[in-house]
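Hi everyone, thanks for making time.

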Amino acid sequence: MRSLLPVLLVAAALALAACDDSVLPISETEACVCSEEGAGCGDDWCSYELALEPSCLGEVDRAEVLIDGHLETQMLEFETVDGAQVPKVVVPCTRTAPGDETRIDVFAGKWAWSRTGNSCEIPGQVKSILFGCVSE
């Protein structure tokens, strides 16, 4: 029984570390397939407009975006327009090739979203995706 105690302590420490929301669940990121100017992707590749829903105001200050393993440089957040806080629309550099699918993960404190199956069925389409804070 005594030899089992160190194993249990290590397991408990790992479990507590896994619950720490300050640790970003990203090990290594990959480069964006397209450059910031869109080079490397054709005009027929699908792009995205991402934003937080107004329901996230007061819940989330900013959110990180991971698309197909690439951590985007822009974050989802709110901006002030005419004195009101509104969601900022972000156009990530990552795009989806025609016929392919893209996975989009968004992380913000206790909130995490995952969108899979974002397929590029209509060449050149711009897809708008909102991330809401209505349930945990």
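Which element of the protein chain has the lowest mean pLDDT, and which the highest? Helix H1, residues 4-18, has the lowest at 37, while strand S1, residues 47-52, has the highest at 96. Over residues 1-24 the pLDDT is below 50, and beyond near neighbours in sequence that stretch has 4 contacts in the model. A contact here means heavy atoms within 4.5 Å, and pLDDT is the predictor's confidence in each residue, from 0 to 100. Where pLDDT is low, the predicted coordinates should not be read in detail. For the protein chain, the average is 80, and 76% of the residues score at least 70.

Some housekeeping. This is a predicted model, where local features need pLDDT of at least 70 and side-chain atom pairs count only at pLDDT 80 or more, though totals for chains, interfaces and linings use all residues. Residues are numbered from 1 along each chain as its sequence is written, and side-chain values use heavy atoms, with hydrogens and water left out. The helices (H or I, at least four residues) and strands (E, at least two) are DSSP runs, numbered from the N terminus.

Now to the core. The largest nonpolar core has 19 residues, and the members touching the most others are Leu 50, Leu 52, Val 60, Leu 76, Ile 104, Trp 113 and Phe 131. Two or more residues come from each of S1, S2 (62-67), S4, S6 (101-108), S7 (111-119) and S8 (126-131). By nonpolar core I mean a set of buried Ala, Val, Leu, Ile, Met, Phe, Trp, Tyr and Cys residues joined through side-chain atoms within 4.5 Å. Buried is under 20% relative accessible area, exposed is over 50%, and partly exposed is in between, using a 1.4 Å probe and protein chains only.

Let's stay with Trp 113. Leaving aside neighbours within four places in sequence, its contacts include Leu 52, Val 60, Ile 104, Phe 131 and also Asp 105.

So is Asp 105 buried or exposed? Asp 105 counts as buried because its relative accessibility is 10%. This residue sits in strand S6. Its side chain makes a polar contact with the side chain of Arg 103 at 2.7 Å, and another with the side chain of Ser 114, also listed at 2.7 Å. A polar contact is a pair of N or O atoms within 3.5 Å; within protein, one must be able to donate a hydrogen and the other to accept it, and residues adjacent in sequence count only if both atoms are side-chain atoms.

Next, Ser 55, in the loop between S1 and S2. At 30% relative accessibility, Ser 55 is partly exposed. A polar atom of its side chain lies 3.0 Å from the backbone nitrogen of Cys 133. Ser 55 and Val 134 are 79 residues apart in sequence, yet 6.6 Å apart in space, C-alpha to C-alpha.

Last, the hairpin. S4 (residues 76-81) and S5 (residues 84-87) pair in the antiparallel sense over 4 bridges, where pairing requires at least two DSSP bridges. Glu 79 has Val 86 in S5 as its bridge partner. With 2 residues between the strands, the hairpin has Asp 82 at a positive phi near 50°. Most residues other than glycine have a negative phi. Asp 82 is exposed, at 82% relative accessible area. Asp 68 also takes a positive phi, near 45°, and lies in the loop between S2 and S3 (70-71).
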